[in-house]
Amino acid sequence: MNQLKIRRPDDWHVHLRDGAMLAQVLDHTARQFGRAIVMPNLVPPVTTTALAEAYRGRILARLAPGRTFTPLMTAYLTDGTDPADIAAGFERGVLTACKLYPAHATTNSAHGVTDVWAIHRVLERMEKIGMPLLVHGEVTEPAVDIFDREAVFLERVMSGIARDFPGLKLVCEHITTEAAVAFVLGHGDRVAATITPHHLQFSRNAIFQGGIRPHMYCLPILKREKHRLALRQAATSGNPKFFLGTDTAPHAVETKEHACGCAGVFNAPVALESYVTVFDEEHALDRFEGFASEHGARFHGLSLNEGTVTLVREPTVVPERIAADGIAVVPYHAGTTLPWRIVEAKAGAGAAAG
Ligand code: DOR
Ligand code: ZN
């Protein structure tokens with residue numbers, strides 16, 4: 001198969017940032033995806049319905065003329081989150097989900113939750129109204145090895161949340177290990193996971209390939225090869241519990257190439273091209289549409305998009321840098337050539353019945 005036309009996909013995990021960076025990165029996501037779940041880890045974080053509504057306005061104001069794209073907003077949970085505010089935001093259609101960052105787990109997570117007990121009333125309310133909880137699943141204790149933080153989180157925290165809130169919809173975000181695949185498979189339909197292109201394409205060796213590679217540093221960190229293989233199996237299996245979430249996380253080049261570089265891979269410019277390459281290598285092109293365009297929408301109870309995206313087996317040359325307004329960002333796969341290319345993206349009328 002040299003050409004693949006799929007229903008317009010969605011990205012269930014993006015960092016769109018704010019201000020000049022938002023302006024620079026937004027269209028890379030909006031040109032290919034119908035909707036995206038927007039992460040709330042701004043400075044300061046998006047912790048309330050009012051802040052999410054204002055942020056959504058700033059995103060929509062930056063959309064290129066004629067673009068059809070729906071940002072799906074999230075609220076960043078803190079120890080002080082008000083359940084009534086979150087519920088009102090969900091019921092008004094401002095919020096799609098809440099995000100749990102354990103305090104200090106990653107970029108701008110200093111305000112994150114210190115103990116799940118602190119948010120149990122919020123989780124009870126979310127469970128009652130059917131609002132999904134999106135989880136950055138890593139423990140933050142410095143004593144736990146960075147490569148074990150996800151597996152330890154599943155054992156110590158996530159299994160307790162799943163047990164204590166049996167009706168709560170849970171997304172294990174950007175999963176990186178066999179343990180996470182097993183956790184998702186071991187729970188019912190209300191537990192799902194997103195998988196990034198970089199965790200499907202690279203193991204931790206890539207961070208140290210001939211020297212230190214700051215653009216391959218992200219959180220959760222890349223893991224051993226056996227974990228990458230487990231993720232590829234899960235993503236391409238056709239199981240609706242697994243769906244696309246890029247975790248595209250742009251940082252200005254000088255903050256990545258630094259003595260203490262930021263975590264994040266800016267993969268939005270080549271997201272679909274990267275994922276489709278994985279499905280092609282795994283002889284699973286027939287399962288790509290489910291992963292990219294159907295499973296996530298169904299999990300969230302949303303209709304499917306109406307538009308289409310067409311990819312062809314032709315080279316995409318990835319630039320070394322993408323720069324605008326004085327900000328330069330290094331894209332995923334910078335300076336290389338990918339085997340697939342997007343030739344057409346049609347927005348359609350919006351979302352169809354799903
Ligand atoms: O690598 C990452 N970058 N992981 C995260 O969880 C956050 C993100 C960011 O915001 O830069
Ligand atoms: Zn993220």
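First, a term I need: helices (DSSP runs of H or I, at least four residues) and strands (DSSP runs of E, at least two) are numbered from the N terminus. The model is predicted, so local features need pLDDT of at least 70 and side-chain atom pairs count only at pLDDT 80 or more, while totals for chains, interfaces and linings use all residues. Residues are numbered from 1 along each chain as its sequence is written, chains are lettered from A and ligands numbered from 1 in the order in which they are written, and side-chain values use heavy atoms, with hydrogens and water left out.

I searched the whole structure for cavities and got 3 of 30 Å³ or more. My notes on the method: on a 1 Å grid over the protein atoms alone, a cavity is a set of points where a 1.4 Å probe fits but cannot get out, and a pocket is an open set with protein on both sides within 12 Å along at least five of seven lines; lining residues have an atom within 4 Å of a point. Grid points are joined across faces, edges and corners, and a volume is the space filled by probe spheres set on the points.

Which helix gives the most to the lining of the second largest cavity? I found helix α5 (residues 149–164), with 4 residues. This cavity holds about 70 Å³, and its lining includes Val135, Glu150, Phe153 and Cys172. I sorted that lining into 7 nonpolar, 1 polar and 2 charged residues. For the classes, Ala, Val, Leu, Ile, Met, Phe, Trp, Tyr, Cys and Pro count as nonpolar, Asp, Glu, Lys and Arg as charged, and the others, Gly among them, as polar.

The largest cavity has about 130 Å³ of space. Of its 17 lining residues, His15, Thr106, Leu219, Asp247 and Ala249 lie nearest the centre. The largest pocket comes to about 380 Å³, and 21 residues line it.

**Entry: the zinc ion**

What coordinates the zinc ion (ligand 2)? I noted His13 (NE2), His15 (NE2) and Asp247 (OD), at 2.0 to 2.1 Å. Donors here are N, O and S atoms within 2.8 Å of the metal (3.2 Å for Na, K and Ca), and water is not among the atoms, so sites may look incomplete. Along the chain the donors follow the spacing H-x1-H-x231-D.

Are these histidines buried or exposed? His13 is buried, at 1% relative accessible area, and His15 is buried too, at 8%. Buried means under 20% relative accessible area, exposed over 50%, and partly exposed in between (1.4 Å probe, protein chains only).

**Entry: two loop residues**

I looked up Asn267, in the loop between α9 (253–256) and α10. Asn267 counts as buried because its relative accessibility is 0%. Beyond its neighbours within four places in sequence, Asn267 is in contact (heavy atoms within 4.5 Å) with Pro197, His198, Thr246, Asp247, Thr248 and Tyr332.

Ala143 sits in the loop between β6 (133–135) and α5. Ala143 counts as exposed because its relative accessibility is 78%.

**Entry: the core**

Which residues touch the most other members of the largest nonpolar core? Leu123, Leu133 and Phe288 do, out of 75 residues. Such a core is a set of buried Ala, Val, Leu, Ile, Met, Phe, Trp, Tyr and Cys residues joined through side-chain atoms within 4.5 Å. A second, separate core has 14 residues, among them Trp12 and Tyr76.
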